[in-house]
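Morning, everyone. I have one structure to walk you through today. Please look at the screen.

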Amino acid sequence: MFIFHSLYINCGGPSIVVDGNEYLQDSNDEQSYFNYNPDKRWAYSTNGVFMGKEKAPFKSPDSNGTGGDIYLTARFSPTSLRYYALCLRQGSYKVRLHFAEISFTNDTTFSSLGRRFFDISIQGVLQRKNFNIVERANGVGIGTFIDFDNVMVNGTTLEIHLYWAGKGTTAIPDRGVYGPLLSAIAITPNFDVSTGSGLSGGAIAGIVIGSCAFVVLVLAILWKKGYLGGDKEDKELRALELQTGYFSLRQIKSATHNFDSANKIGEGGFGPVYKGVLTDGSEIAVKQLSSRSKQGNREFVTEIGMISALQHPNLVKLFGCCIEGKELLLVYEYLENNSLARALFGREDQKLNLDWPTRKKICVGIARGLAYLHEESRLKIVHRDIKATNVLLDKDLNAKISDFGLAKLDEEENTHISTRIAGTIGYMAPEYAMRGYLTDKADVYSFGVVALEIVSGKSNTNYRPKEEFVYLLDWAYVLQEQGNLLELVDPSLGKYSKEEAMRMLYLALLCTNASPTLRPPMSSVVKMLEGKMPVQPPMVVKRSPGDPDMRFKAFDLISHDSQTQATTISADSLGPPWVNSSTYMDESQESYSSEKKLLPDFYSRSL
């Protein structure tokens with residue numbers, strides 16, 4: 001067994017000599033979950049799946065990078081890229097990482113708009129956060145490097161970990177261009193190699209032999225448990241480290257008492273959700289992916305990726321995951337007060353006494369969370385399933401949006417025509433339910449329904465004041481026509497601000513406008529709720545009893561049962577989708593014309 005004191009790797013490229021040092025070949029073109037080089041001196045792993053382009057390359061072809069041959073190639077990864085320097089002598093090392101942004105251009109074309117951010121850790125210690133190669137090198141295609149001095153190796157392995165920061169672009173110049181990029185690695189000792197590290201040869205040999213025996217033992221255990229081998233999809237899931245913790249199945253079973261039904265606290269988009277308590281006393285919520293779920297492993301991977309990349313006070317926190325055998329589990333923070341749906345219209349022993357300031361705080365929290373997903377995050381996220389059961393409440397009754405299983409990434413595009421419609425009846429926007437026309441305004445519509453439920457304390461799908469009214473929203477429009485909108489306010493509230501209640505009710509109706517372009521963006525919704533922007537009372541559209549609104553025609557089209565919880569239907573079966581912009585209060589003739597095409601029945605009745 002040899003012990004080494006230096007290592008040079010040409011990431012993604014052939015063997016080359018630079019300044020008298022041989023940079024070893026690293027030209028494997030396939031995704032590898034753990035790959036040794038032939039002489040076992042180093043290894044690397046790449047994790048995750050490129051969103052929007054599964055076959056995106058994991059190494060670059062020769063490029064026009066400047067600064068030397070080591071900047072002509074690079075290795076990519078969608079989420080996590082690790083390099084392991086093996087069999088190193090103990091001591092202090094200098095690590096030099098070489099970079100050159102070779103995916104983007106430095107001109108006025110679309111390709112010049114790309115942005116790449118990732119984090120860098122060495123030996124488990126975060127060294128750079130939101131690292132941007134272009135900023136460091138002052139341009140595209142220019143070679144640069146970073147030196148990390150005094151990196152200690154106490155065993156025999158040095159680990160370099162680059163991982164996607166969840167920021168930047170994901171579709172420039174093509175889909176799947178994002179994540180960490182590394183051109184070359186140089187590891188050199190800070191000690192005199194002729195004197196050794198201070199350990200005897202026998203001690204070094206003992207350490208190496210012991211380490212190798214430990215590695216063999218670990219590999220044997222992983223093989224026995226099914227982590228090694230298996231199909232490609234299982235490997236993808238097991239290798240998905242991202243920026244989350246990893247929990248063993250034994251830990252999860254111990255925490256939930258083997259998924260005891262007494263610990264079941266809900267049913268999510270993937271399957272049941274259980275409360276658990278870890279050995280240190282920390283409370284967690286465990287979402288168990290159902291084997292019968294129509295949502296598959298790919299969507300499970302998507303949820304992990306998106307939640308781990310998004311951090312906001314009004315979004316549920318993801319602590320980690322567990323992938324063992326057939327078990328696919330997500331571990332979240334535990335929120336003491338369960339869902340908003342249970343607090344508002346659960347059983348009497350489950351309901352919470354939410355006063356008006358608390359309801360307003362919850363509504364503002366949901367709006368802020370959605371504003372972050374739509375406008376503040378570098379990844380534009382359309383949730384697609386905003387409803388009261390997907391809003392959780394912590395011990396201080398702060399709202400947190402959960403269940404990203406149906407979320408849709410929509411980077412660099414103003415609209416997305418979905419080939420598969422998924423959501424909950426009663427909360428889906430009509431243009432999405434009928435035509436598959438998906439923008440962030442679909443979430444705005446769903447928010448309007450939830451806001452109406454918060455004020456009234458009643459479920460949109462379960463409350464029917466009279467037989468002829470299909471939904472609570474239908475009844476709200478009737479009361480608005482009659483000028484009695486405040487009758488919707490929950491009578492159990494007692495004292496409340498009528499001005500704020502009317503503002504929230506007007507806003508709810510504005511958000512549920514049948515025309516998506518007339519719905520405000522969520523950033524404006526937040527300002528309206530906080531009183532920083534006036535709320536324009538929605539237009540009253542008189543309807544005859546036999547002439548329902550478009551939104552209710554949409555619901556009737558996809559279901560005759562108002563109790564249905566969720567649906568997935570083909571957009572193709574509903575006819576061709578209409579493409580339209582997603583602007584707010586655009587009164588131009590062009591916008592009016594396109595809206596008229598999108599909702600012909602609505603405009604033919606109201607004009």
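Which residues form a nonpolar patch on the surface? Keep in mind that this is a predicted model. The patch consists of Phe34, Tyr36, Phe214 and Val215. Together they have about 380 Å² of accessible area.

Take Val215. Find it in helix H2, residues 201-225.

Now the whole chain. It has 607 residues, and 55% of them count as buried. There are 15 helices and 28 strands. What about contacts? Look at those with a separation of 6 or more: residues 24 or more positions apart account for 71% of them.

On to the backbone. Where is Pro173? It sits in the loop between strand S12 (158-168) and strand S13 (181-182). A cis peptide bond joins it to Ile172. Omega there is about -5°.

Next, two positive phi angles. Asp19 is not a glycine, yet its phi is about 55°. You will find Asp19 in the loop between strand S2 (16-18) and strand S3 (21-26). Arg384 is not a glycine either, and its phi is near 80°. Arg384 lies in the loop between strand S21 (381-382) and strand S22 (391-393).

Is Arg384 buried or exposed? Its relative accessibility is 7%. Buried means under 20%, so Arg384 counts as buried. And Asp19? Its relative accessible area is 77%. Exposed means over 50%, so Asp19 is exposed.

Note on methods: Residues are numbered from 1 along each chain as its sequence is written. This is a predicted model: local features need pLDDT of at least 70, side-chain atom pairs count only at pLDDT 80 or more; totals for chains, interfaces and linings use all residues. Side-chain values use heavy atoms; hydrogens and water are left out. Helices (H or I, at least four residues) and strands (E, at least two) are DSSP runs, numbered from the N terminus. Buried means under 20% relative accessible area, exposed over 50%, partly exposed in between (1.4 Å probe, protein chains only). Contact means heavy atoms within 4.5 Å. Patches are made of residues with over 30% relative accessible area and no salt bridge: like charges are joined within 9 Å, nonpolar side chains (Val, Leu, Ile, Met, Phe, Trp, Tyr) within 5 Å. Accessible areas come from the Shrake-Rupley method with a 1.4 Å probe; for residues, only the protein chains shown count as cover. A salt bridge is a side-chain nitrogen of Lys or Arg within 4 Å of a carboxyl oxygen of Asp or Glu.
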